[in-house]
Amino acid sequence: MVTDDSEPDAGAMPARTEWTMRYDVVWVSDLPIPNEIRGPACMLGPGAWLRRRAQRRVAWLRRPLRPRHCCWHHQVNWPVAAEVAVRLVRQAHSAGLHDGDQIEAYILERLDGEALGELECEGLLALVGASAGIELNDDPDPQWRYVEGQHRVAAQLDQGVRETVVQRLEQLDPGRLSR
Ligand SMILES: [Zn+2]
């Protein structure tokens, strides 16, 4: 949970706003093409863009790339990491948990039971760590479409991942704060 006490308010009590991360399970194909990427080279080039556009529309047109050693993002086996992330986030939601820090704790408690490799564990945490996940820019006319995570989205498109987890900052209901 993030608290921002910094907003000045002349003469009154300081404004106090509390925010939390919400987690959404989304289709990777519905996410914006992450084309602000400037590197590394394995993420770029006309082939990569074409592949990602095709992958978004008709997944069966191409065979997904397997994990490879060019960079951390392509080394992670994202189909495995994202499947666990999606499943555990859905479980947490079903258990009535909706704040990012609660969901992160719920998933950390269950990590040992998943027997993930080191890289897939890192990939999972890069999706479900509170405030560490993929975050879209919700400005009406953003210069950048992602606040965080465009390389993670590109790598998941490259590997043909269908569903993943994104996070969004949401202001908490003031009624809840007074409790
Ligand atoms: Zn790479």
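Where is the place of serine 131? I looked this up first in the predicted model. Serine 131 sits in the loop between α5 and β3.

**Entry: serine 131.** I read its phi as about 65°, a positive value although serine 131 is not a glycine. I then checked its surroundings. Serine 131 has 16 C-beta neighbours inside 10 Å, so I put it down as partly exposed. I noted for context that most residues other than glycine have a negative phi.

**Entry: alanine 115.** I went on to another residue with a positive phi. For alanine 115, phi is near 50°, and this residue is not glycine either. I found alanine 115 in the loop between α4 and α5. Is alanine 115 buried or exposed? I counted 9 other C-beta atoms within 10 Å of alanine 115, and a residue with 12 or fewer is exposed. Alanine 115 is therefore exposed.

**Entry: glycine 39 and proline 40.** Here I looked at the peptide bond. The bond that joins glycine 39 and proline 40 is cis, with omega about 0°. Most peptide bonds are trans. I placed proline 40 in the loop between β2 and α1.

**Entry: α1 against α6.** I turned next to a pair of helices. Helix α1 covers residues 46-57, and its axis runs 9 Å from that of α6. The two pack at an angle of about 70°. Angles of 65 to 115 degrees count as roughly perpendicular, so I wrote down α1 as roughly perpendicular to α6. Which residues meet? From α1 I listed Arg51, Arg52, Gln55 and Arg56, and from α6 Ala154, Leu157 and Asp158. By type, the residues of this contact are four charged, two nonpolar and one polar.

**Entry: the largest nonpolar core.** This core has 32 residues. I asked which of them touch the most other members. They are Ala81, Ala82, Ala85, Val89, Leu127, Val128 and Val165. I then listed the elements that each supply at least two residues of the core: the helices are α3 (78-94), α4 (100-110), α5 (118-128) and α6 (150-158), and the strands are β2 (17-27), β3 (134-136) and β5 (163-171). Which element gives the most? I found that α3 does, with 10 residues.

**Entry: valine 165.** What does valine 165 touch, not counting residues up to four places away in sequence? My list for valine 165 reads Tyr23, Val25, Ala85, Val86, Val89, Leu127, Val128 and Gly133.

How values were computed
Residues are numbered from 1 along each chain as its sequence is written. This is a predicted model: local features need pLDDT of at least 70, side-chain atom pairs count only at pLDDT 80 or more; totals for chains, interfaces and linings use all residues. A nonpolar core is a set of buried Ala, Val, Leu, Ile, Met, Phe, Trp, Tyr and Cys residues joined through C-beta atoms within 7 Å. A residue is buried if 20 or more other C-beta atoms lie within 10 Å of its own, exposed if 12 or fewer, and partly exposed in between; C-beta atoms are placed from the backbone. Helices (H or I, at least four residues) and strands (E, at least two) are DSSP runs, numbered from the N terminus. Two residues are in contact if their C-beta atoms, placed from the backbone, lie within 7 Å. Axes are lines fitted to C-alpha atoms, for helices over the stretch in contact, and angles run from 0 to 180 degrees between N-to-C directions. Angles under 35 degrees count as roughly parallel, over 145 as roughly antiparallel, 65 to 115 as roughly perpendicular and the rest as oblique. Ala, Val, Leu, Ile, Met, Phe, Trp, Tyr, Cys and Pro count as nonpolar, Asp, Glu, Lys and Arg as charged, and the others, Gly among them, as polar.
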